[in-house]
Amino acid sequence: MLKVWIVGSNGQLGTAINDVIDPLEMEVFNTDKEELDITKTDEVLSFGEINRPDVIINCSGVTDVDLCEREPELAYRVNALGTRNLSIVARKVGAKMVQLSTDDVFDGLSKTPYSEFDDTNPKTVYGRSKRAGENYVKEFTHKHFIVRSNWVYGRGNNFVTRVLAAAEEGKVLSVASDQFGSPTSAKDLARIILYLIQTNEYGTYHATCKGVCNRYEFALEILRLAGKNAELKTVPTNESDLSSARPAYAVLDNFILRIIDVYEMPDWKDSLKEYMNEVV
Ligand SMILES: NC(=O)c1ccc[n+]([C@@H]2O[C@H](COP(=O)([O-])OP(=O)(O)OC[C@H]3O[C@@H](n4cnc5c(N)ncnc54)[C@H](OP(=O)(O)O)[C@@H]3O)[C@@H](O)[C@H]2O)c1
């Protein structure tokens, strides 16, 4: 039975992987900051050596983009050095390493979707610290999957829950119409990860749901599915209530998944519908 260590197991994606994984097929070790802080090198090494996972899935991270700007040392300590620590363990015990990453490694200036072969050029501390994490994974491990996604929502605080909470409070919502992406449910991201770890098709993957929208269109669809009425105002990003400064064009092309043609991500609206039925 495959032994899988889920790091950051209380986060949106860590929770979704636990929801999707079949405990009869895989043995799971869950850790989050409370049990094991990934910045503590010796503790990470000893946990890995004692438990000897076959796969390490790093879902942990400092994911608050504004917090990363305010506290760059924290961002690099966790997103870069913490990832380095896990990569060293993966190499030592021969485990496959899955590293979650983001569209924020790109500058968002493109007019067309970014493929895995496009050059990175992060503009934020979050993006730079995540790229540093990717680089450590490449430096220390061979058997790795770097999985970049964007606009992920699962159980926890995210764009969907913020839109619904604001609608509940009867607020007029100012939503950016100049930020584009592909909303991706944590559950669908979990499914592709669980598929990949059973292969030896290592490398970097873009994995987002199909289709593109702006934040305003995303908010409209959330409200429509929830059957709620709220007044939405489209504004530029810097006037928006619900999102930080992010790459304007955060669209990832799932180029490799498409050309190897073995796994298809669902459409973002179908994925959102499944989430709303289950979680909201
Ligand atoms: N959400 C998105 O839109 C998105 C998009 C693309 C990529 N990603 C990437 O996908 C991954 C999962 O995202 P997510 O949305 O599931 O994130 P999340 O909900 O913020 O979960 C991250 C988890 O990591 C934990 N953590 C923070 N510092 C840690 C440390 N030093 N040691 C161990 N655990 C630590 C957090 O604990 P605390 O909450 O207690 O700090 C939290 O439970 C992240 O790597 C993120 O960069 C996310």
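Residues are numbered from 1 along each chain as its sequence is written. In this predicted model, local features need pLDDT of at least 70 and side-chain atom pairs count only at pLDDT 80 or more, while totals for chains, interfaces and linings use all residues; side-chain values use heavy atoms, with hydrogens and water left out.

Reader: How many residues of H7 are buried?
Author: Buried means under 20% relative accessible area, exposed over 50%, and partly exposed in between (1.4 Å probe, protein chains only). Among the buried residues of H7 are Ala186, Asp188, Leu189 and Leu196. H7 is mostly covered, and the buried count is 8 of its 11 residues.

Reader: Which residues does isoleucine 17 touch, beyond those up to four places away in sequence?
Author: Contact means heavy atoms within 4.5 Å. Ile17 is one of the core members that touch the most others. Its partners are Ile6, Ile57, Cys59, Ala190, Ile193 and Leu194.

Reader: How many residues are in the second, separate core?
Author: Val7, Phe29, Ile56 and Val125 are included in this second core. Its size is 23 residues.

Reader: Which residues come nearest to the ligand?
Author: A residue is near a molecule or strand if one of its heavy atoms lies within 4 Å of it. The shell around the ligand has 9 nonpolar, 10 polar and 4 charged residues. Here Ala, Val, Leu, Ile, Met, Phe, Trp, Tyr, Cys and Pro count as nonpolar, Asp, Glu, Lys and Arg as charged, and the others, Gly among them, as polar. Of the 23 residues around the ligand, the nearest are Leu13, Lys33, Thr63, Tyr126 and Lys130.

Reader: How much of the ligand's accessible area does the protein cover?
Author: A polar side-chain atom of Lys33 sits 2.8 Å from a ligand oxygen atom. Isoleucine 38 has a backbone N or O atom 3.0 Å from a ligand nitrogen atom, and a polar backbone atom of serine 60 is 3.1 Å from a ligand oxygen atom. Accessible areas come from the Shrake-Rupley method with a 1.4 Å probe; for residues, only the protein chains shown count as cover. Of the 900 Å² that the ligand has on its own, the protein covers 81%.

Reader: Which element gives the most residues to the shell around the ligand?
Author: H1, E4 and helix H5 (125-140) each give two or more residues to this shell. The most, 3 residues, comes from E4.

Reader: Which side chain makes a polar contact with that of lysine 228?
Author: Lysine 228 lies in the loop between helix H8 (215-226) and strand E12 (232-235). It counts as partly exposed because its relative accessibility is 30%. A polar contact is a pair of N or O atoms within 3.5 Å; within protein, one must be able to donate a hydrogen and the other to accept it, and residues adjacent in sequence count only if both atoms are side-chain atoms. At 3.0 Å, the partner is glutamate 168.

Reader: Is tryptophan 151 buried or exposed?
Author: Tryptophan 151 lies in the loop between E5 and strand E6 (152-153). Its phi is near 50 degrees, a positive value in a residue other than glycine. Its relative accessible area is 9%, so tryptophan 151 is buried.

Reader: Why does aspartate 261 count as exposed?
Author: Aspartate 261 lies in the loop between H9 and helix H10 (268-278). Its phi is also a positive value, near 55 degrees. It counts as exposed because its relative accessibility is 65%.

Reader: Which backbone oxygen lies 3.1 Å from a polar side-chain atom of histidine 144?
Author: Histidine 144 is in strand E5. It counts as buried because its relative accessibility is 10%. The backbone oxygen belongs to threonine 141.

Methods: A nonpolar core is a set of buried Ala, Val, Leu, Ile, Met, Phe, Trp, Tyr and Cys residues joined through side-chain atoms within 4.5 Å. Helices (H or I, at least four residues) and strands (E, at least two) are DSSP runs, numbered from the N terminus.
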